[in-house]
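Work through the exercises below with the structure open. Try each task before reading its solution.

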Amino acid sequence: MASVIAIDIDGVLADFNGPFLVELRKDYGGPLSSVSFNCWGWADAAFGRSKARRTFARLLPSWWGDLPPLATEAEFARLRSLVEDGHFDVHFVTNRPVAAYRATELWLANTIECDPSDFTLVCLKDKANYCAKVGAVCLIDDKPENIIEVIEYNKTKQPFWPSIMPILFSQPWNEGVEVANGGDWYWRATSLTEALDMALNKIRWLEADSAAAPSPSTKLSNPKDIVGSNKLPLHLWPPTATAGGCLALLEGLTKYGRANWREVGVRASVYADALDRHMKAWFDGEDIDPDSGLPHLYKAIACVAILIDASAAGKLTDDRNRIGGYRELVAQLTPHVERIKAANKGTMETVKHYTIEDNPDAIERFIKANS
Ligand SMILES: [Mg+2]
């Protein structure tokens with residue numbers, strides 16, 4: 001089945017900036033060579049926002065149909081053959097005015113030398129959500145904000161495996177822009193050929209992943225087959241944890257409604273706090289949460305389950321801390337553990353260490369546990 005890939009038009013396939021500068025000069029005069037496209041807002045910077053907007057607003061729909069292509073004929077031919085061979089289902093996603101839709105559609109059909117029914121064209125701003133909705137494997141775009149939105153979307157799914165591959169199409173106006181830090185995955189392509197190769201690679205990874213799992217017709221009756229299976233080993237999850245967690249979720253259902261977090265969303269800090277309170281109380285020797293009458297551990301596992309599920313549903317408001325050097329501090333402090341123990345060697349082994357076994361109800365607990 002063909003994979004959906006989303007490709008922006010202006011700045012990737014078509015040259016918008018050069019012809020737009022010509023229009024600005026027509027309106028306000030001045031030499032063409034005096035403006036460089038080395039930042040995203042070059043038109044606003046050179047002419048002022050309102051002037052740039054006025055010129056943009058007077059552009060006729062047909063203007064968009066005359067923009068020169070940025071990719072080569074050979075690259076467009078390759079794109080066409082990847083569609084014809086069933087590799088790609090191409091969605092062109094552009095923020096052009098809707099009035100330019102027809103001119104854009106004709107431009108694409110003429111430039112790629114194909115029928116408009118061979119591709120999908122949409123005019124919209126919110127590209128990350130569109131890509132998510134149509135299950136696109138990648139977005140190829142020259143606008144840093146669009147790539148950042150895809151990175152943010154990916155974080156709500158699986159942080160280490162981008163659902164939508166964000167491919168920033170390198171141009172002078174995004175060259176100096178860092179759209180992400182080291183932990184956020186995105187790619188830079190310097191040509192359409194390179195971007196298409198990246199998309200093909202992503203599709204190959206996906207295919208390799210699904211090929212690694214046994215086909216539905218394979219019977220896993222042989223124990224060795226089961227060991228070799230790459231499907232999720234759900235049998236490893238202790239059913240006791242499910243039994244306990246479901247009681248905590250039942251309590252939540254009675255208060256807030258079933259699976260409410262998938263609709264209204266949750267905040268990471270709120271659930272991290274709740275989890276922490278339950279674990280601290282439990283480790284302090286308290287088994288049962290006085291508020292709910294349920295074991296703290298049941299409440300704790302429900303907190304983690306909701307965080308995982310809300311994240312998968314794209315409903316987690318990720319307000320975790322800004323990185324503040326925790327790992328570095330831990331690395332600095334860890335050697336002191338050995339130093340402190342060594343300094344008090346001798347007394348540490350002989351003094352009494354108090355645990356839950358020293359609680360006043362310890363005997364009662366022991367009898368209960370062994371009866
Ligand atoms: Mg663009």
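The model is predicted: local features need pLDDT of at least 70, side-chain atom pairs count only at pLDDT 80 or more, and totals for chains, interfaces and linings use all residues. Residues are numbered from 1 along each chain as its sequence is written.

**Exercise 1.** Describe how α13 and α14 pack.

Solution. Step one: find the helices, which are DSSP runs of H or I with at least four residues, while strands are runs of E with at least two, numbered from the N terminus. Helix α13 covers residues 268-283 and helix α14 covers residues 296-312.
Step two: take the axes, lines fitted to C-alpha atoms over the stretch in contact, with angles from 0 to 180 degrees between N-to-C directions. The angle is about 160° and the axes are 9 Å apart.
Step three: apply the classes: under 35 degrees is roughly parallel, over 145 roughly antiparallel, 65 to 115 roughly perpendicular, and the rest oblique. The two helices are therefore roughly antiparallel.

**Exercise 2.** Which kinds of residue make up the contact of α13 with α14?

Solution. Step one: count two residues as in contact if their C-beta atoms, placed from the backbone, lie within 7 Å. On the α13 side these include Y271, L275 and W282, and on the α14 side they include K299, C303 and L307.
Step two: sort them, with Ala, Val, Leu, Ile, Met, Phe, Trp, Tyr, Cys and Pro as nonpolar, Asp, Glu, Lys and Arg as charged, and the others, Gly among them, as polar. The contact has 13 nonpolar residues, two polar and one charged.

**Exercise 3.** Check the span of helix α15 (residues 326-343).

Solution. Step one: multiply 1.5 Å by one less than the number of residues. For the 18 residues of α15 this gives 26 Å.
Step two: compare with the end C-alpha atoms, which are 26 Å apart, so the two values agree.

**Exercise 4.** Are F56, E113 and A259 buried, exposed or partly exposed?

Solution. Step one: count other C-beta atoms within 10 Å: 20 or more means buried, 12 or fewer exposed, and in between partly exposed.
Step two: F56, in helix α3 (residues 49-58), has 13 such neighbours and so is partly exposed.
Step three: E113 lies in the loop between α6 and β3; its 10 neighbours make E113 exposed. Its phi is positive, about 60°, although E113 is not a glycine.
Step four: A259, in the loop between α11 and α12, has 14 and is therefore partly exposed.
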